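Biologist: Please show me the model. I have some questions about its side chains.

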Amino acid sequence: MSEHANLLRRHRAVMPSWMALNYRDPIEIVGGKGNRVTDAEGNSYLDFFIGILTNMLGYDVPEVRDAVERQLATGVVHTSTAYLLRGQVELAEKIAQLSGIPDAKVFFTNSGTEANETALLLAAYARRSDQVLAMRQSYHGRSFATTGVTGNRGWTNLSYSPLDVHFLHGADRRLPQFAGMSDEQYIDACTQDLRHVLATATGGDVAALIAEPIQGVGGFTMPPDGLFAAYKRVLDEFGILFISDEVQTGWGRTGQGFWGIDNHGVTPDVITFAKGLGNGFAVGGVVARGDLMDGLHAVGISTFGGNPVAMAAANATLDHLLAHDLRSNAARQGATIIGGLSAAAGRFPIVADVRGKGLMFAVELADPETGEPSPPLAAALMEAARERGLLVGKGGLYGNVVRMAPPLTLTDDEAEEGLGILISSLEAVNEAAVAGGRGPSARREDA
């Protein structure tokens, strides 16, 4: 048995079966530089999924590495929030200013799941209500409360929740009842549905709406710009808070605004964040109005939230992103890739949709004969891209979407290279599908 096969055997023996691995032959990544990684077999890949949208600047970034090494050299890896943490304060000041939220305060966690848990707690306490609105097809984490506000059966283990949750339309405009609607008509229909939900399914004292500006696990589905502004006008009538889950859309990834919600022209009451901020180090958090953040009466800490090493990495990552205007780079490179995929899509009967903003884009796959969602074709496209040297991810309500989010440092040449690989991979998968072949069974990856 090879060392690779033995590692896979050991993984399956001690790790949970629901913690799925990508690819028929899972890979072990052992090296990374720039926007490329190397596996244990020596194969090199351009990485368009970056540890599930987490290595935002790519790999082995000197500024981040140097900041971490300086902190390690002090001998202080951890102290906890029971002590003053200079890096935590400095990062919170930057995020509070960038949030656009008046009198903002910040609380750091380790992950997006913890961040969303905190946001839901703040809202429920402030409103004295366990009622929450969420979006169909959404994903907000793997904990008890966050799975309760996840509108995707494939990621929800229990039929009950500590919250009383009602799900809204907004990112599902391909449903038959919305066919042929313009953006304005769809926004109006969804807003009327929100009013109807409030009038029929809730007690009136709803705590919050939690929503992703672009749904991550949902396959990068998104509402038309302006929907959340329309929603917020209704929410404000009832005093309902708005939580924008920016775990995947934050830090300029969409290329249009610093936060994904910026495209809707609205300022939320709470923003949650994680993933890319630490460029691989565990950082999550919540930025909210000061009165909401200070409202909790019980003592609270975050043992590892605000960790000095993670704060060093996050401060360096955010400084690098702002100094190099990576939001503009995301807009430019995304236009190249999304435009190229959209132009080529008409040649491939298996492509049901190409969508995205900035460096957050997806290809939806469907059976070329029936038009039904095809998870096997998505899995086949992942395999074809990997064979050609490109790593991508998968998602969608039915597991039939290949989703990609390259580093915000992607170069012109890398954008063209990735686009070429994707088109070549689509050609191969489309040819096999039209000829009657099908790809392997789809499997989920983490959020």
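Biologist: Which residue forms a salt bridge with Lys33?

Modeller: This is a predicted model, in which local features need pLDDT of at least 70, side-chain atom pairs count only at pLDDT 80 or more, and totals for chains, interfaces and linings use all residues. Residues are numbered from 1 along each chain as its sequence is written, and side-chain values use heavy atoms, with hydrogens and water left out. A salt bridge needs a side-chain nitrogen of Lys or Arg within 4 Å of a carboxyl oxygen of Asp or Glu. The closest N and O atoms here are 2.8 Å apart, and the partner of Lys33 is Asp60.

Biologist: How many residues apart in sequence are the parts that Lys33 and Asp60 tie together?

Modeller: Helices (H or I, at least four residues) and strands (E, at least two) are DSSP runs, numbered from the N terminus. Lys33 lies in strand β1, and Asp60 in the loop between α2 and α3 (62-73). The pair therefore ties together parts separated in sequence by 27 residues.

Biologist: Is Lys33 buried or exposed?

Modeller: Buried means under 20% relative accessible area, exposed over 50%, partly exposed in between (1.4 Å probe, protein chains only). Asp60, at 34%, counts as partly exposed. Lys33 has a relative accessible area of 55%, so Lys33 is exposed.

Biologist: Which residues do salt bridges that share partners join into one network?

Modeller: The whole structure holds 18 salt bridges. One of them is Arg289 with Asp291, at 2.8 Å between the closest N and O atoms. The network is made of Arg174, Asp353, Arg355 and Glu364.

Biologist: Which aromatic cluster contains Trp251?

Modeller: Contact means heavy atoms within 4.5 Å. Leaving aside neighbours within four places in sequence, Trp251 is in contact with residues including Phe258, Trp259 and Phe273. The cluster is Phe108, Trp251, Phe258, Trp259 and Phe273.

Biologist: Why is the pair of Phe48 and Phe361 called edge-to-face?

Modeller: Rings of Phe, Tyr and Trp (its six-membered ring) pair if their centres lie within 6.5 Å; planes under 30 degrees apart count as stacked, over 60 as edge-to-face and the rest as tilted. By this rule there are 11 aromatic pairs. The ring centres of Phe48 and Phe361 are 6.1 Å apart, and the pair is edge-to-face because the planes lie at 80°.

Biologist: In which loop is Trp18 found?

Modeller: Trp18 counts as exposed, at 64% relative accessibility. The loop runs between α1 (3-14) and β1 (29-33).
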